[in-house]
Amino acid sequence: MKPNWYGLSVDEALDTLNASHERGLSRTEVEARRPEAGWNELAFKKTPAWVRFLRQFKDSMVVILLVTAAITGLLTALGSHMLPDTLVILGVVLLNAILGFVQEGKAEGALDALRSLMVPECLVMRDGELQRLPSRELVPGDLVILEGGDKIPADIRFIDTSSAYVDESSLTGESVPVQKSTQPIAGDNLVPGDQRNMGFSGTYLTQGTARGLVVETGANTVFGRIADMVKSADAGQTPLQRKMSEFVHTLIKAILAVGAFNFVYGLYLGYDLGYSFLGAVSLVVAAIPEMLPALVTAILAVSGTLMAARKALIRKLPAAETLGATSVICSDKTGTLTENRMTVTRVQSGAQTLEVTGVGYDVSGHYARDGERLDAEGHPALRALLEVGAVCNNAHLKDEGGGVGDPTELALLVSAAKAGITKADAHRLAEIPFDSATKYMAVLTEHGGRRFIAVKGAPETVLGLCATQLDADGRTVSLDAASYLSAAQGFARQALRTLGFAFKEVDADHVDLLHADLSGLTFAGLQGMIDPPKPSAIEAVAKCKSAGIRTVMVTGDHPDTAQAVAAQLGITADQVITGAQLAEMSPESLRECVKAVSVFARVAPEHKKSIAEAFQANGLVVAMTGDGVNDAPALKQADIGVAMGIAGTEVAREAADMVLADDNFATIVNAVEEGRHAWTNLQKAILYTLPTNAAQALLIMGAIFMAAFVPVFAERFVLEPIQILWINLIDSVLLTLPLMMEPKEKDLLSRPPRDPGVRVIDALFLQRVVLMGLMIAVPSFLIYHHFGAAAVVEGELVDPLLLTQAQTAAFWVILMTQIGYLISARSLFDSAFRLDPLGNPWLLGGIGLSVLLHLMGTFVTPVADAFRLAAFPIEWWPLILATLLPSFLAIETDKLIRARLARR
Ligand code: ATP
């Protein structure tokens with residue numbers, strides 16, 4: 001029987017699980033618990049391979065073929081000679097199912113790999129050491145440490161909390177975060193929402209910090225027991241996938257109607273029932289672009305893998321498609337555009353501006369005034385300023401160099417250490433964590449028996465809480481906010497990130513910081529730190545410019561700092577709008593404003609959502625970065641929400657479409673390039689598939705039509721129905737799929753972004769359908785007639801073998817014309833002569849395999865017999881091979897003309 005965890009006191013819970021409050025579990029203890037506890041994950045039931053294989057037969061195309069096989073089988077039983085047709089259709093269906101199965105497996109594999117790149121991690125205390133571990137390794141008794149934005153990795157009993165609020169909406173539907181505490185709660189069978197000292201797997205700590213004792217893991221958690229809530233995050237079709245399915249469905253209806261007409265017309269012309277039926281079916285199968293929806297998925301999955309290799313992890317497949325159309329990237333500044341390696345270089349203490357030497361987290365450096373070294377010991381005001389920075393701080397410097405924690409706070413520890421100040425002798429009693437909406441952090445500390453509130457944050461915010469300031473000798477005098485504000489502005493203009501510091505002494509029994517009066521503080525001064533722009537970001541901003549993408553900086557930092565850093569990065573910085581100004585604007589004026597302004601400063605997270613909306617209202621496709629809990633609404637609003645993989649919170653990652661493994665702006669631009677790549681490959685594949693389908697359908701309809709006038713056509717269709725099935729179901733797959741592996745074109749990032757409103761099926765497409773329909777069908781007709789005409793004399797079939805050979809020749813012509821088209825289809829607008837002929841080995845493989853299969857069909861007797869093919873005289877070959885040229889040249893000429901017109 002499991003205990004009621006919420007009813008136990010902290011010590012009882014620790015005892016029950018044999019765990020230590022300070023050291024957590026030991027490694028050996030974890031190993032001992034593993035066999036019983038298992039892994040902390042929900043085992044997704046994988047669809048078994050045979051089910052996935054059978055699923056291939058659900059496709060409407062396959063159903064049509066299976067029905068056809070049944071009917072031809074029935075006709076065979078009734079005495080028609082259609083057994084080979086039945087067998088071939090079944091064989092083709094099987095082969096198609098295998099190809100579909102393999103292709104689906106590949107796409108699934110790529111998605112699995114993407115998912116596994118995003119294993120959730122958490123901070124755990126083991127053997128007395130803080131470690132970041134994959135959440136699946138937790139066992140009951142483990143001690144997890146959480147802060148605002150973290151996902152709770154298992155069911156836990158809180159054992160320490162500080163202003164800890166948890167968003168339990170995924171579990172309880174309650175949208176307001178609930179405060180958690182550690183007190184035991186009386187009562188039986190409390191619902192999760194009432195268990196105020198418990199945290200449940202899958203919910204989020206939105207604020208504060210906490211420690212929790214893991215009590216249940218994996219399938220035993222509350223979340224694990226509500227199994228159907230666990231849906232994979234990346235379900236959902238992309239707009240293009242949806243459009244494609246709709247398009248194919250409409251097309252199927254139209255094609256079925258044409259097929260029915262063809263059937264009746266075939267009977268009217270005097271073909272027998274079975275043959276007419278098979279003709280109609282092959283028309284239907286030839287015309288339906290059955291591969292398209294699967295192709296879209298496969299290309300997006302491949303694109304996701306390519307993006308992952310470049311450190312952009314796609315969480316939702318539609319993002320791979322949308323990325324290609326991105327026209328604005330709104331990026332945070334700190335850590336994304338800049339290094340986030342801060343060094344305090346200037347401080348303002350009263351009327352004095354001091355320089356600080358040294359770089360990075362190396363504590364060797366000193367203070368100087370006008371170039372002259374200054375001993376901090378003799379400057380009480382400077383010491384007070386640095387002390388506030390050191391105690392109102394959650395970072396840690398390591399003895400061996402470097403440190404853990406927020407770089408801004410690390411920089412403050414370093415600046416304090418340069419004056420010999422550490423936070424060691426202060427004892428923290430309570431904390432109001434930093435929040436980018438309030439822009440300050442406060443702590444209550446005890447220092448030599450006295451209690452202080454210490455606050456740091458944006459200068460104007462902290463100054464607003466102060467009544468007095470320290471003078472150079474450390475005496476309290478009345479506040480001169482104006483001169484501090486102008487000093488802060490001076491720092492900001494030098495691109496320095498600037499913080500203000502203040503403190504006040506409180507009663508010795510004061511414990512409640514949350515409700516403390518945070519006014520009447522004494523201002524201690526300013527510290528300004530540099531945070532250099534990332535060289536890769538400068539490059540990426542330039543790339544965006546040439547790619548027609550606007551880079552917009554949206555930062556919580558001071559307007560002047562933002563402007564100075566933006567200018568260093570190459571972002572248009574002549575106008576800056578602040579969050580306060582933005583809050584005053586109507587949606588219409590904001591919409592006008594974003595047309596010209598590219599730097600937004602002192603914005604709170606809620607403003608980011610309005611900024612995204614304003615861009616979208618102007619018809620732009622917006623990518624927006626974010627890392628905090630409050631950024632989630634903006635990430636959801638943007639077309640592409642981008643979360644930081646390193647500095648971001650789990651909440652932001654979960655809300656995002658894409659996660660940057662390296663928190664780097666340049667990675668977004670790389671992902672956009674891959675998105676464009678995916679889109680062009682899609683266009684190529686679609687622009688190849690649909691015209692070839694149309695051509696095959698045209699071929700059959702044309703043949704039936706001509707049957708009324710030309711004797712060889714009255715005798716047989718140009719191609720036997722089963723030959724059409726071969727071409728449509730085998731060649732098309734082998735020749736279309738490789739197009740999705742087509743390498744990137746070099747100038748992808750020097751073109752303007754795709755208009756999100758453009759249709760895939762546009763004028764270019766219609767024109768290519770007509771052109772290719774003719775280029776494939778006409779040579780086939782001509783070759784069939786040229787070689788086969790002699791087989792029919794005065795309406796009588798005198799040489800059936802010759803007619804079969806002529807059909808075989810036409811069968812080859814289709815392959816040749818399609819190969820000609822394919823070579824040219826590798827680029828939509830560029831000449832094929834400018835492409836690397838060996839650039840896409842898959843394509844060469846596909847062509848090679850198709851040719852090999854055609855040779856087999858022609859020369860291996862049993863296969864040839866089954867498909868009604870026959871080897872033809874060797875002197876026919878040159879003419880047949882030459883039919884590759886017209887389709888190739890037609891498209892190349894079309895591209896040339898387009899390029900000429902465009903230049904004009
Ligand atoms: P971005 O939004 O581009 O990441 P940012 O990091 O400057 O920029 P915020 O993190 O919202 O944005 O910070 C806003 C302001 O709050 C900073 O300019 C600074 O003055 C102050 N600030 C930043 N970090 C802290 C902190 N840890 N404690 C107290 N104040 C801070």
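Guide: In this predicted model, threonine 221 has its place in the loop between β7 (204-216) and α7 (222-225).

Visitor: Why is threonine 221 called buried?

Guide: Buried means under 20% relative accessible area. Threonine 221 has a relative accessible area of 2%, so the residue counts as buried.

Visitor: Why is glutamate 654 described as partly exposed?

Guide: Glutamate 654 belongs to helix α22 (residues 650-655). Partly exposed lies between the limits of under 20% for buried and over 50% for exposed. Glutamate 654 has 31% relative accessibility, and therefore counts as partly exposed.

Visitor: How far is glutamate 654 from serine 20, in sequence and in space?

Guide: The two residues are 634 residues apart in sequence and 32 Å apart in space, C-alpha to C-alpha.

Visitor: How do you know that the span of helix α27 agrees with its number of residues?

Guide: Helix α27 (residues 800-825) has 26 residues, which should span 38 Å at 1.5 Å a residue. The end C-alpha atoms of α27 are 37 Å apart, which agrees.

Visitor: What makes α27 largely enclosed by the rest of the structure?

Guide: Of the 26 residues of α27, 23 are buried, so the helix is largely enclosed.

Visitor: Which residues come nearest to the ligand?

Guide: There are 20 residues around the ligand, and those that come nearest are Lys333, Ser436, Lys456, Arg497 and Thr555. This shell divides into 5 nonpolar, 6 polar and 9 charged residues. Strand β21 (497-506) gives the most to the shell, with 3 residues. Domain 3 (325-338 + 535-669) and domain 4 (344-530) each provide at least three residues of the shell.

Visitor: What polar atoms lie by the oxygen and nitrogen atoms of the ligand?

Guide: A polar backbone atom of lysine 333 is 2.5 Å from an oxygen atom of the ligand, and one of threonine 334 is 3.1 Å from a ligand oxygen atom. A nitrogen atom of the ligand is 3.2 Å from an N or O atom in the side chain of aspartate 406. Taken alone, the ligand exposes 610 Å², of which the protein buries 92%.

Key
Residues numbered from 1 in each chain as written. Predicted model: local features only at pLDDT ≥ 70, side-chain atom pairs only at ≥ 80, totals over all residues. Heavy atoms only, no water. Helix = DSSP H or I, 4+ residues; strand = E, 2+ residues; numbered from the N terminus. Expected span 1.5 Å × (residues − 1). Buried < 20%, exposed > 50% of the residue type's maximum accessible area, 1.4 Å probe, protein only. Near = heavy atom within 4 Å. Polar contact = N/O pair within 3.5 Å; in protein donor to acceptor, adjacent residues only side chain to side chain. Areas by Shrake-Rupley, 256 points an atom, 1.4 Å probe, with all protein chains shown as cover. Nonpolar A, V, L, I, M, F, W, Y, C, P; charged D, E, K, R; others polar. Domains from an automatic or database assignment.
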